[in-house]
Amino acid sequence: MRIVDRFPRQVVEHDPVWIAMPDGVRLAAKIWMPADAAAEPVPAILEPIPYRRRDFTAERDAVSHPWMAGHGYAVIRVDLRGSGDSDGVLQDEYLAQEQADGLAVLEWAAAQPWCSGRTGIYGISWGGFAGLQIAALRPPSLGAVVAVGHTHDRFAEDVHFKGGCLLTENPSWASWMFAYQARPPEPAMVGERWRAIWLERMARRPLTAEWMRHQARDAYWRHGSICEDWGAVQVPVLSVSGWVDGYVNPVFELLENAGAPVKALLGPWGHRYPHLGRPGPAIGFLQEVLRWWDRWLKDRPTGVETDPALRAYVQRPWVPGPSAARRDGDWLAVPAWPAPGTLTRVLYPTAGRLAPDPGPADETIEIGDRVRTAFAAGRWLAFGDGPELPLDQGGDDAGAVLFETREMIEPMALLGRPELRLALASDRPLAQVAARLCAVAPDGSVRRLSWGCLNLAHRDDPGAPARLEPGRLYEVAFRLDGLGETVGIGERLRLVLSSSYWPLLWPSPEPVRLTVRLDRCRLALPTAPCGGSWEFEAPEGSPPLATTALSTPVSTRSAGTGGGEERITAYDDHGRVRLHGVGLVRQTVSEETWRLRPGDPASARYESTWRIALAWDGGPAVETVTRQTVTADAGRFRVESCLEASEHGTPVASHQWQDGIDRDVV
C-alpha cells in the first residue's frame with residue numbers, strides 16, 4: 001500500500017463527538033473532516049458499527065478515514081448503541097432501534113454547519129448490512145451506499161443458516177459477539193460511569209440461543225432483509241465482496257434484483273476491505289469509493305454510472321492451502337448482469353461421470369449415512385489472514401459420491417452461481433444434502449471451487465419447512481456459491497455429494513441415507529460472459545496508527561483423531577499491542593474446537609474460549625473470559641455459557657447461563 005500523508009485538504013479529527021438520540025441516549029463518534037469544512041461544507045459519510053472506534057477498529061480506520069476526509073468528506077465513525085463508549089446495552093443485531101439511530105445520526109450530520117446536507121453510508125459486514133437497511137428507510141439526505149461483505153437476506157445469506165442448514169458459524173459468531181460486547185467503555189471517555197456500564201453489559205444474556213431458536217425464515221429474519229422489498233433501496237449501491245468471503249452471493253442477488261443502480265466488485269479477498277485485501281491482489285479501493293462519492297454526493301462527472309455492472313477477478317488454477325498471500329487471475333469487466341448471451345453449460349451425473357448427456361432411465365445411486373468431519377472444509381467466514389481456507393479436498397472426497405468430467409482440452413472460465421437439480425429420497429424425516437464443485441489437477445490435487453447445501457425440510461418454502469416422508473422421491477434445486485474460476489487444460493471438474501458437511505454444517509439428528517435418481521439430476525454451470533479487461537490503481541491509504549507489538553501473534557488450525565473422536569481446533573492470539581494515541585495495551589486470544597464421533601451426529605460439539613485484556617495507562621486493567629459449549633441430541637440443542645471478569649486481577653463479575661432449544665426442522 002502506498003502511504004499518502006498530504007491531501008488536497010488538511011484533515012482534523014474530533015473525538016469524542018457525542019450525538020444525542022431522540023430518547024436521550026448518546027452515541028459516541030469520531031469524525032475526520034477537512035479543517036476548512038465550516039467555510040466550505042462537505043458531504044458526510046457514516047460508518048455505524050459496534051466494534052469500538054477507539055481501539056479495535058482504530059488501526060483500520062486510520063488507514064482509510066483520514067484519506068477520505070483529505071479528499072473533501074467528513075467521515076463519522078459511530079459506536080452503535082450499547083457498544084464502545086456509547087450509552088446502553090446492545091440487545092441484538094439489526095434491531096429497529098439501531099436503524100432509527102442511524103436515521104437520527106444522518107439527520108444530525110446533514111444539519112451541521114460543516115456538512116453540505118448530503119450523506120452516504122460506508123461499511124463492511126455489520127456496517128454493510130446497516131447501510132442497506134438504513135437506505136431502505138429512505139433518509140432524505142442519503143445519496144449513495146458502499147456495502148462490502150453484506151447481505152440482502154438475514155436468514156439465507158448470513159452467518160446463521162445456509163440452505164436452511166444451521167451453520168456452525170452461527171455459534172462461533174455468537175461466541176465472538178459474546179466476548180466483544182463484554183468489554184468496558186473507555187474510562188477516559190465516559191468517566192466514572194464506565195464500571196456501571198461494563199457490569200450492565202456483562203449481565204446481558206448471550207445471543208447464541210436466540211439465533212438458534214429461529215429455525216425457519218420467520219419475521220425475526222425477515223426484519224432487516226432488504227429482499228423483502230427490493231424497491232425500498234433507491235440510492236446507488238456499490239456492492240463488494242471476495243471469493244473466500246462468506247458474503248459473495250448477495251453481490252449477485254443485488255445485481256439481479258435491486259431496483260436501485262448497482263455496480264459490483266468481486267475480488268480474490270476474504271472478509272476485508274479490498275485495499276487491505278488478502279489473498280491479493282489488493283486494489284486502490286479508496287480511489288474507487290472516492291469516484292463513487294464524488295459522483296453521487298458532489299455531482300462530479302467521474303463516470304461511475306458507465307462503469308461495467310460487474311468487475312470480477314477470474315482466478316487461474318491454484319494449489320490449495322490453508323492460507324494464501326495472492327491468487328493469480330485476471331480482472332473481467334462485464335457490461336451488464338445478467339450478461340446477455342451468456343452460455344450455461346449443463347452436465348449430468350451418471351455412472352461416476354459428469355457427462356454432456358443424461359444417463360439411462362431409472363439410474364440410481366445411494367449417498368451413505370456416514371457422518372464424519374470434513375477436515376479440509378476451511379471456514380465459512382474467512383478473513384484471508386490466517387489458516388482458514390479450504391485445503392486439498394481429496395481426503396474429504398474419500399467415501400463420498402463423486403462425478404467427474406473428462407480432462408479439459410481447453411480452459412473453461414466460470415463466473416456466477418451454479419445450480420444443482422436433484423431427485424432424491426431420504427430414509428429419515430430430516431435430512432440435508434451438501435454439494436461441492438471441485439477441480440482435479442493433473443497431479444491429483446483437488447481444489448474446491450464452490451459449494452452449497454439444502455436442508456430438505458426447506459425444499460419448498462424456507463418460511464414454512466416441512467419434514468420429509470421417508471422413501472418418497474422429491475425434486476429439489478439449489479444454487480451453489482458464486483465463483484470466478486478458470487478450469488485449466490488437463491483438469492477435471494468433480495461434483496461431490498454427501499449427506500453431511502460437518503464442521504461447516506450442524507449434522508441432521510440421525511444418520512441419513514439418500515437415494516438419488518440420477519436421470520432427473522443436472523448441474524448448470526455459468527460460463528464467464530464476454531467482457532473487457534480492467535485495471536485498478538494501486539492501493540493507497542493514510543499513515544497507519546502508531547502501535548508497538550509487544551508479543552508475536554500466533555494463528556493455528558489443527559486437526560486430528562483420538563479417543564474415538566475427530567476434532568478441529570482453531571487458535572488465534574492476536575498478540576499484545578500498544579496503541580500509543582489511546583494509551584492502551586490490548587490482547588485477544590481465542591480457541592475454538594469442533595468435535596465429532598464418526599457416525600454419531602448426536603456427538604457433534606462446539607466449544608469456544610475467548611480472553612480479552614485491556615490495560616489503559618494510568619487507568620484500569622481489565623480482563624474478560626467467556627466460554628460457550630453447544631451440543632445437541634435428536635430433540636434439543638443445549639447451550640452453556642459463562643463469563644468471568646476481573647479488574648487488576650480481582651474478580652468483579654461471574655455469570656452462567658444454560659439454554660435449551662427444541663430442534664424443529666434442523
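Student: Is Glu-169 buried or exposed?

Tutor: Glu-169 is buried, at a relative accessible area of 9%. Buried stands for under 20% relative accessible area, exposed for over 50%, and partly exposed for values in between (1.4 Å probe, protein chains only). This is a predicted model, where local features need pLDDT of at least 70, side-chain atom pairs count only at pLDDT 80 or more, and totals for chains, interfaces and linings use all residues. Residues are numbered from 1 along each chain as its sequence is written, and side-chain values use heavy atoms, with hydrogens and water left out.

Student: Which side chain meets Glu-169 in a salt bridge?

Tutor: Side chains of opposite charge can pair when their charged atoms come close. The rule for a salt bridge is a side-chain nitrogen of Lys or Arg within 4 Å of a carboxyl oxygen of Asp or Glu. Here the partner is Arg-379, at 3.0 Å, N to O. Arg-379 also counts as buried, at 15% relative accessibility.

Student: How many salt bridges does this rule give?

Tutor: The count comes to 62. One of them joins Glu-540 and Arg-2 at 2.4 Å, N to O. Glu-540 lies in strand 28 (residues 540-541) and Arg-2 in strand 1 (residues 2-3), so this pair ties together parts 538 residues apart in sequence. Strands are DSSP runs of E, at least two residues, and helices are runs of H or I, at least four, numbered from the N terminus.

Student: What about Arg-428 and Glu-510?

Tutor: Their side chains form a salt bridge at 3.6 Å, N to O. Arg-428 is partly exposed at 29% relative accessibility, and Glu-510 is partly exposed at 36%.
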